[in-house]
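Reader: I would like to learn how to read some features of a protein model. Please give the general idea each time, then the case at hand.

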Protein chains: 2
Amino acid sequence: MTTAQPEPTAPADVPTAGAAPSLDDLRRAYADLQALGLKLDLTRGKPSAEQLDLSEALLALPGEGVHTDAGGTDVRNYGGLDGLRQLREIFAELLGVPVEQLLAGGNASLTLMYDTLAYATLFGVPGSERPWGREEKVRWICPVPGYDRHFSVCEALGIEMITVPMTDDGPDAAAVAALVAEDPTIKGMWVVPTYANPDGSVVTEEVARALVSVPAAAPDFRILWDNAYALHHLTDDEVTSADAISLAAEAGHPDRVLLYASTSKITFAGAGVAFLASSPANVAWYKKHLSAQSIGPDKVNQLRHALFFGDADGVRAHMRKHRDIIAPKFDAVTSILADRLGDAGVASWTEPKGGYFVSLEVVPGTASRVVELAKAAGIALTPAGAPFPYGKDPEDKVLRLAPTLPPIEEVRVAMDGVATCVLLAAAEAAAG
Amino acid sequence: MTTAQPEPTAPADVPTAGAAPSLDDLRRAYADLQALGLKLDLTRGKPSAEQLDLSEALLALPGEGVHTDAGGTDVRNYGGLDGLRQLREIFAELLGVPVEQLLAGGNASLTLMYDTLAYATLFGVPGSERPWGREEKVRWICPVPGYDRHFSVCEALGIEMITVPMTDDGPDAAAVAALVAEDPTIKGMWVVPTYANPDGSVVTEEVARALVSVPAAAPDFRILWDNAYALHHLTDDEVTSADAISLAAEAGHPDRVLLYASTSKITFAGAGVAFLASSPANVAWYKKHLSAQSIGPDKVNQLRHALFFGDADGVRAHMRKHRDIIAPKFDAVTSILADRLGDAGVASWTEPKGGYFVSLEVVPGTASRVVELAKAAGIALTPAGAPFPYGKDPEDKVLRLAPTLPPIEEVRVAMDGVATCVLLAAAEAAAG
């Protein structure tokens, strides 16, 4: 994560340049924006049609007559709870985990994460004294800003969320350590280690080591390590995620980390393959419960993916094609923000090196107003509180921008409109 | 279900024909069987490779450039918790339910059933006073013999199972009524309405009406109506399943029935599409909880299936091809049983008009012995207690035969071997 600007403040608090537009100017600019009658959407981290086209060959794979995997198994029939080894080998290399500790599942890592916490609630995890659902209270650390669907899983399962701040190097490990040291009700935390949603930060090896090492009062403390963007680079600086599973084992907490990934933003969102990796004990625990719920994943789709990629380098080459399509959209976002807001002192934003989001911080108390203004001008933004548990941003200042789905021309128009809304909201706030 | 023979008894209890083989004769026959060095498997209800070949075209569908559904939605991207309407319309017709009340999900109805009971345990269902997991005890009616994976779901979720007998017309409705009238801990029951696993019985309209009407002490009593074999006919007498959802609404219990089905034994086992249908309130309840667990099912696979079938008649025509392949295997099973055991008075069996199984009743106390003898002769049978909760057949007399997977020649050899084992086990029992 690169924060391009200092902490934003209301215009009134900073020396205003002579050229700063007045509230009336901004109201006129906003009226002009509304007059355009836009209908644009920056709400969700969906791949664009052009990105989906990169995987179009999948739609005719594996092809008639091709229905056995490298081991000779007929993928059309029942069985194989672990998923296709041929595909797991590819992603074991990419994710840096032993293939024996990697499961390939259905179409969504969200489901694997939900099921992990649902199993924990119903049955407990290795090391639990009882099912989490029989604890008086279960709490969970949510680094913020974060991913709204993580928070929805906790909320659905009655897990109380507490926040720690994100830093440029991932979650604030000292804040985590302070929370978990004495409180056995805190059973775990979310981490998006690589190009986090939404702030783009990358967990350093040092922070990873700190998180997996921290002494926790709960004997069954877990880190759900959602490496959703492990391979989703936007620059030549292709970071390698810290190997949290090995680091946890070294730190004497072998069962602390469960890692998730998927091809949702590699091939087809919703028709890809999801992965879970963890310690042997956690994998055995997961499979034990999964065995009552499933006879096995869709092996045909797994073979389809294995044939499409060929090997790990095939995935890497494929991801560079994604980058070619979406990096210019991210550039458009940050360059328009710099042009329009660079001198105004009312906003800061991230310049991510990967992932799917730009995080935009506006004047505290104005994020909801920016979303409201944008909506009235035909630009849909993610609700202001979305990156926070219960949808509540305590400072009402963080906006998540998702530029991958619209064509680049629309991204430009939308971002220019967003900039106008940010300025107007800031000026309104300054005017009181 | 047709029971081909009277209730079996040990040979000693029936008039023995002069030609009845002695224990020594049977031991010699069994030794000859062992000498064949067989390696055959009648354990699981898997489709054969020849059946899977019927759907081979799926492996190249939808085809490059084909990625929108009939409504214009790009199936490659996220979204759509209900599943593809185009496919739901086909199966709404086949299952006799309104398309608005039918969800298309992932690759396994088992997962939909598990998730239904997991949601019930975690959150309760419409009408529940509290989550089932917070009840002191939750009990569930299991008609026996039944499907082992149903029982595994209950066992995994800590739901205590109680049994009622199956009849030729489905579960014994009077026994169900007696159980549920006064006992609010009984929260529901399993029903396999069409060509039940394993006894092949079909729930009549009368029994369906009785089950959905029965007054239950639990206000949130549910019937999980697993119509796994709705379309899996073996004869020209293609039964239509009772419309349990409508019957339940008519009886004043609109939320009592949840119906499940899948294409696992229509297209590819493990790479098909599963369905859930119920009342509007139950569907909304299911989707509410699903929305935390999933962004939506694999719509590409759903489009693939919709294009492959075309319409409901396409599915019906496809199922007749399955029948052409597997009906002769069922004929082989029942004709060999008749030839070898018809005069012995030691066994009875079903002659199912659909589904995947033949249920064979042997002399009480000898089913496990038959499985043991068969195994030692290289013939794998489903464990003797499998069709009963906790794997325990109180009379040790029911065997489930699954003839679809092996080639017909192997079915013949295996069944001849099984007959020898049944006779020997009966003679051993008679000898004391």
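Author: Start with accessibility: buried means under 20% relative accessible area, exposed over 50%, and partly exposed in between, with a 1.4 Å probe and protein chains only. At 26% relative accessibility, A60(B) therefore counts as partly exposed. This is a predicted model, in which local features need pLDDT of at least 70 and side-chain atom pairs count only at pLDDT 80 or more, while totals for chains, interfaces and linings use all residues. Residues are numbered from 1 along each chain as its sequence is written, chains are lettered from A and ligands numbered from 1 in the order in which they are written, and side-chain values use heavy atoms, with hydrogens and water left out.

Reader: Where is A60(B) found, and which residues does A60(B) touch?

Author: Helices (H or I, at least four residues) and strands (E, at least two) are DSSP runs, numbered from the N terminus. A60(B) is found in the loop between α2 (49–53) and α3 of chain B. Contact means heavy atoms within 4.5 Å. Not counting residues up to four places away in sequence, A60(B) touches L59(A), A60(A), G63(A) and E64(A). The C-alpha atoms of A60(B) and R304(B) are separated by 8.8 Å, and these residues are 244 residues apart along the chain.

Reader: How many residues of helix α10 of chain B are buried?

Author: Of the 11 residues in helix α10 (residues 299–309) of chain B, 10 are buried, so the helix is mostly covered by the under 20% cut-off. Among them are R304(B), H305(B), F308(B) and F309(B). The buried residues of α10(B) pack against α10 (299–309) of chain A, and also against α3, β2 (102–104) and α11 of chain B.

Reader: How should I read the packing of two helices, and at what angle do α3 and α11 of chain A pack?

Author: Axes are lines fitted to C-alpha atoms, for helices over the stretch in contact, and angles run from 0 to 180 degrees between N-to-C directions. Helix α3 (residues 85–95) of chain A and helix α11 (residues 312–341) of chain A have axes 8 Å apart and pack at an angle of about 65°. The residues that meet are I90(A), F91(A), E93(A) and L94(A) in α3(A) and A312(A), V315(A) and R316(A) in α11(A). For residue classes, Ala, Val, Leu, Ile, Met, Phe, Trp, Tyr, Cys and Pro count as nonpolar, Asp, Glu, Lys and Arg as charged, and the others, Gly among them, as polar. The contact of α3(A) with α11(A) has five nonpolar, no polar and two charged residues.

Reader: What counts as an aromatic pair, and how many does the structure hold?

Author: Rings of Phe, Tyr and Trp (its six-membered ring) pair if their centres lie within 6.5 Å; planes under 30 degrees apart count as stacked, over 60 as edge-to-face and the rest as tilted. The structure holds 22 aromatic pairs over all chains. One of them is edge-to-face: Y119(B) and W285(B), at 6.0 Å centre to centre with 80° between the planes. This pair links distant parts of the chain, with Y119(B) in helix α4 (residues 109–123) of chain B and W285(B) in helix α9 (residues 280–293) of chain B, 166 residues apart. Both Y119(B) and W285(B) are buried. In chain A, ring pairs link F91(A), F275(A), F308(A) and F309(A) into a cluster.

Reader: Which residue lies over the face of Y356(A)?

Author: A charge sits over a ring if NZ of Lys or CZ of Arg is within 6 Å of the ring centre and within 35 degrees of the ring normal. K265(A) lies over the face of Y356(A), at 5.3 Å from the ring centre. In chain B, K265(B) lies over the face of Y356(B), at 5.3 Å from the ring centre.
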